Amino acid sequence: MAQIFAYILHSNGELDDSALELLAAAKKIDPDVDVTAIVTGSGIDDVCKKAAESFKTVWKIDSDALSYPNAEVVRKALLNMLPSDCFVLLPQDTFGMDLGPGLSVKMDSAFVGDVVDIEGVEGNTLKTIRQEFSGQVSTHVHCDVSAGAVINVRPGVFQPAEGQAGEVVDKSGEIGDVSAKRKFIEIQEAEVGEVDITKSEVLVSVGRGIEDEENLEMVFELAEAMGADVSCSRPIVDAKWLEKSRQVGTSGMTVKPKVYMALGISGSFQHMGGVKGNPFIVAINKNPKAPIFQVADVGVEADILEFVPELTEKIKEL
Amino acid sequence: MEILVCVKRVPDTAENEIELNAEGNDIERDDLVYSVNEWDNYAVEEAIQMVDKHGGSVTVVTVGDEESEEVLRREMAMGAEKGILLSDDAFEGSDGKGVAAILKAAVEKGSYDLIMTGAQADEGYAQVGGMLAAMLDYPYASLVNSIEVGDGKLKVGREVEGGNIEMNEIELPCVLSIQTGINEPRYVGIRGIRKVASVEIPAMGASDLGIDAGSVGEDAAKVRRIDYFVPEMGEGAEMLEGSTDEIIDKLIELLKSKGGIK
Amino acid sequence: MEAILALIIVAAGVAGVVYVLARRMAPLFRAAKGPAIDRIGERLYGVYWFPHHRMPRPGYEVAGYTHITTLVSLIVLSIHVLMVIYSGFVGFEIPGLESAVGVGYAVISDIALTVLFIACVFAAVRRGVLKPPRYEVPEKYGKDKSRPWAVFLVSFLAAVALLDMIYLGSDAVAAKAAEEGYRFILPLTGTWFAAIIMSGLSASAAGTVNVVSYFILLIGIFVFVNLLPFDRLFHTITGPVTVFCKKLERGSVKPVQWGVDDESVADLESFGVKKFEDFNWKHILDFYSCADCGRCSDNCPANASGRPLSPRFISLKGRDYAFSHYPLKGPFVKNEPLVGDIFSEDEIWSCTTCGACEEECPVTIEYIDKIVDLRRGMIDDGNVPQSLQKPLNALGKRGNPWGKMEKKRPEWIKELPEGVTIKDLSSGDTAETLYFVDSMSSYDDRMMDLARATATVLSAAGADAGILGKNEKDSANDVRRFGEEMLFMELRDHNSEMIAGSGAGNIVTSDPHALNALKKDYKDMPPVEHISEFALRKLKEGTLSFASLDEEEKGKIYTYHDPCYLGRHNQVYDPPREVMDAIPGMNRVEMSRCRDRSFCCGGGGLMLFYEPEEEERMGVHRVRMAKEAGANVIVTACPFCLTNIEDAIKVAGLEGEMEALDLCELVARHIGS
């Protein structure tokens, strides 16, 4: 069996949640494999040590050039050291989407993006499951991995695996030429709005099902009755009904509430990707097939425009 | 600036449930209508705005059958000057790399400063842009939501986690995949499409592009969709049943116990 | 000598007027083609009828009668003015006084002059001191230059009238002093007062006053006439022409370009109004004719709910554009795009096309056609809000604004009440009566009840009725009014073909938007009726009868809300009321705004998808009006009205207190005997 590598994202000295999810995904490819974690950055000894608590081998690739994970630079560095025909696992986030497809071309291996499950490998065929049309249908996708593969794994769908401790191998010397035509300049922080939803304990989150800007009023009323803050999904921000700082999702804020109430939100993974910390999720949606019901703890099949005012009324009566 | 935008014809599924066909090997396509992939449309609008400001022209290209011509016409009605249809029986069943290889050949037939794609499609892998860039050895940025034109380079913003924007400088020529919301695409009515109805759209096949037919298409595809199926339901949420009042009472109890009502 | 001086003044005055008018007319000649003016008799009658019936509409009686008084006085005085001017050439003798007719006219003129003077003084006081709020200029529309100018002009006219009195009075005094005979002067007229005041003057002094006042008066008259084309008073010249040329077909929309038929419309270079000269001459004439009376905006629901639209300023901005770009001297200024510069996008999209402004305008200025033309221009340029692009695209692909599947259009007939039948003609069946459902009642969960109630009424009246089912597409009433003419044509042609193919002998609809489209925008349709007209007909025929309201219902107070496309645009005011009143036990009240003064619910069709900036929803205003009238059930006859009003009841926090119902639902519940 080919070697499996997992690219580890980290920030502020902590491993990203995706790290152990990738480990879990790797074990579905080959339960017996020793997964090698790849950690890039500058001054990453602590992170590497943390990674080594779960991964048998951790490649430390430490360089000033990698202080920010610029996909082009990372790709060049990896190409200089990865063996041929290997598996590389990446999270399907804004970095993985930037790196994965191009990396597979340069490695001449297969690419499968946004994998939600892995059924295993038979011969040279990797069997994966993906979703299409916002999760309305799933597909079995088979992939010829004779020359290896780059697999982007959807964050949040694999239960984090328990790994075995291992050791850090310093590969910094093998970086080679990483001059790039794309240069990172800076991160422009999103403007903080009137509420910081990343600190909210209870969130009432509203999506497309609200239909009309004016109907937002009822959501704010419910939130007020509950003592919650209001957040939303992307379409609401795209329509400019609420400010960007209220948007939950991979392209918005990452929130860690105790209770998350999703009103008229279909529950795309881009949205749920922003909901962390395993909150108690209540979903209210009139479409019984909405994917949100798969991730929610409790669901109500109802039109929020009718349900929410009644709920607010009852809560006010308490 | 000469800009090539890669577009794709996709089922328009916004308001309709996707259902499986009787055989279960495909979605029910009879009742579907098709349109240009939303992300691609933003890319074309962005390209047109850049050309309006800095000069040059926009070309739209797609890999697909004859029916895909309609999306090229639609985008030309928006303001793209030329359309190219890459169509060949040999292209059918291509995986992402196959499509990228076909597009690469088309890019090399022209002379473009900038290639754009949509960041993703509802039925896609969000892969072609990155693959095309790697094949061309062009720099690449995905999920772009702002572009500023500089001298021989661009300043692009990428939409990253936390609602933040990652600013990059990228040398031309390059490939960018465009995120929705970067602009407000203009409306295209029937009249606009009729105006470009008679514009010739050249179709190019494998031989025109100099592609070895065996290197693309179904046989060359390493990644194959085997079937469609409806994901298992029910393992998720506990659905509250009963009259609205009963549901609300149950819900309030649950919310209270979980600290959802302060 | 005096005659030469008079001649110079007259010549200069006339030359001035001719020059100014010629310059003012320039944009009309550069404008797009206008409507052909036919039906002359009807139009002439309109010119007579209109001012009398429009000017003193309820609420505007003071201004209205002041205007009628002024207008009649001026008409009476028109010959007198010519005689006065002429008198300067013949020794300051008013001609014709030797005959009884001449004296009679002089007496009438004295009265008219007096009335004119009083009316002008009153108008000056009203505008300058009393200041009715309707004339306020909101800050966003710039400084109020209008009021001081208005006060000045009416004061000026009063002064001219006064001078005339002095001229006539001094003539009488001079004649008396010279012991010559003079005509009869009616006591208590201005002329009589003038003569009394000057009665002490000698013959020569009176003669001097007579000559001097003549020249001042002559100058005054021509200055005043020359001032007319500079402001609202231009309406005194162009107003009657505008009324004469007004659109005679209510509810219709002008073609993309007058004189270009459907077959060749697609070949036009450009659609709609993008620059000023894309307006047709009638519309530019409209701008000139605006009297700035403020009634349009006073009745505009968009204005009332704080949307960025005030029809008054559509006209005033148009007029100001014409004045500044076609100046009295120097070259005409190159045109500039209107939308974004003169008119804002939101302003143009804010209009619900309810027609309240046009209903009220005393000079029949057309607003809807202008708004539609501006929208056509924006659509043609692709300048359409994203919120409207989605439904427009869906209408093109699926024939309904949500993009739902065609096969789901007739799904509502799967759950018909017992005993109710309606055929789905898409399976090849035929029926005598076609029920045109339209998108809202076909697809919206709540409005499907309305469709089912309509089917119930049809069925109960024994109609052999069917629907087009999956072959029906949106009537496109609002597609057209949102400026997407080509899409409208496509949908119209599709529906026309399907309707013709169905072989139905008549059409009934419960959606006034569909009613309007079928009647006004489609051609060669079988007779089209609104369900209220159908029900009334069947009531009178005796094939439909009603059971009494139950006890609970009898305790309720009902009011009827006129949908814009049923009432104002199609003049169906009475049938819904008569049908309601035919239900035994009905207790119905009228809102203060009803019938042709009905207040739009917020707009139907594509307006459902547009997100206007507004302070308060139109529907909320409307619900409050119903409450003020003492009603607790608002009955309407349009699926869009019902949606908006039901929403508004929730927003206004009046749930439980107020309810909304469609006429069909009310009727369906009480079928019986």
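Analyst: Chain B is made of eight helices and 13 strands; here helices (H or I, at least four residues) and strands (E, at least two) are DSSP runs, numbered from the N terminus. Keep in mind that this is a predicted model, in which local features need pLDDT of at least 70, side-chain atom pairs count only at pLDDT 80 or more, and totals for chains, interfaces and linings use all residues. Residues are numbered from 1 along each chain as its sequence is written, while chains are lettered from A and ligands numbered from 1 in the order in which they are written.

The C-alpha trace of chain B spans about 65 × 45 × 40 Å along its principal axes. Of the contacts in chain B with a separation of 6 or more, 70% involve residues 24 or more positions apart.

The contact draws 66 residues from chain B and 70 residues from chain A. On the chain B side, the elements supplying at least two residues each include helix 3 (96–109), helix 4 (128–136), strand 7 (140–149) and helix 8 (244–257). That side has 34 nonpolar, 15 polar and 17 charged residues, where Ala, Val, Leu, Ile, Met, Phe, Trp, Tyr, Cys and Pro count as nonpolar, Asp, Glu, Lys and Arg as charged, and the others, Gly among them, as polar.

The two chains also share strand pairing, which requires that DSSP finds at least two bridges between the strands. Strand 18 (residues 298–301) of chain A runs parallel to strand 13 of chain B, with two bridges between them. Within that pairing, Gly299(A) has Met239(B) as its bridge partner. Strands of a sheet pair through backbone hydrogen bonds, either parallel or antiparallel.

What does the partner look like? Chain A is split into domain 1 (4–174) and domain 2 (197–317), with bounds that come from an automatic or database domain assignment. Taken over C-alpha atoms, the centres of domain 1 and domain 2 of chain A are 32 Å apart, and eight residues of each are in contact with the other. The domain 1 side of that contact in chain A consists of one nonpolar, four polar and three charged residues.

Chain B has a contact with chain C as well. Here 16 residues come from chain B and 22 residues from chain C. On the chain C side, helix 16 (368–380), helix 17 (386–398) and helix 21 (485–502) each give two or more residues, and helix 17 of chain C gives the most, with six. By class, this side of chain C has nine nonpolar, six polar and seven charged residues.

Chain C itself has 28 helices and nine strands, and its C-alpha trace spans about 100 × 60 × 45 Å along the principal axes. Buried residues account for 48% of the 673 residues in chain C. Its domain assignment gives domain 1 (55–230), domain 2 (275–386), domain 3 (395–541) and domain 4 (551–669). The centres of domain 2 and domain 4 of chain C, over C-alpha atoms, are separated by 29 Å, and their contact takes 15 residues from domain 2 of chain C and 18 residues from domain 4 of chain C.

Chain C also holds an open sheet of five strands, in the order 1-3-2-4-5 with parallel pairing. Strand 1 (423–424) and strand 5 (528–530) of chain C stand at its edges with a single partner strand each, so one side of each has no neighbour in the sheet. Strand 2 (residues 433–435) and strand 4 (residues 506–509) of chain C pair over three bridges, with Tyr435(C) opposite Val508(C).

Key
Two residues are in contact if their C-beta atoms, placed from the backbone, lie within 7 Å. A residue is buried if 20 or more other C-beta atoms lie within 10 Å of its own, exposed if 12 or fewer, and partly exposed in between; C-beta atoms are placed from the backbone.
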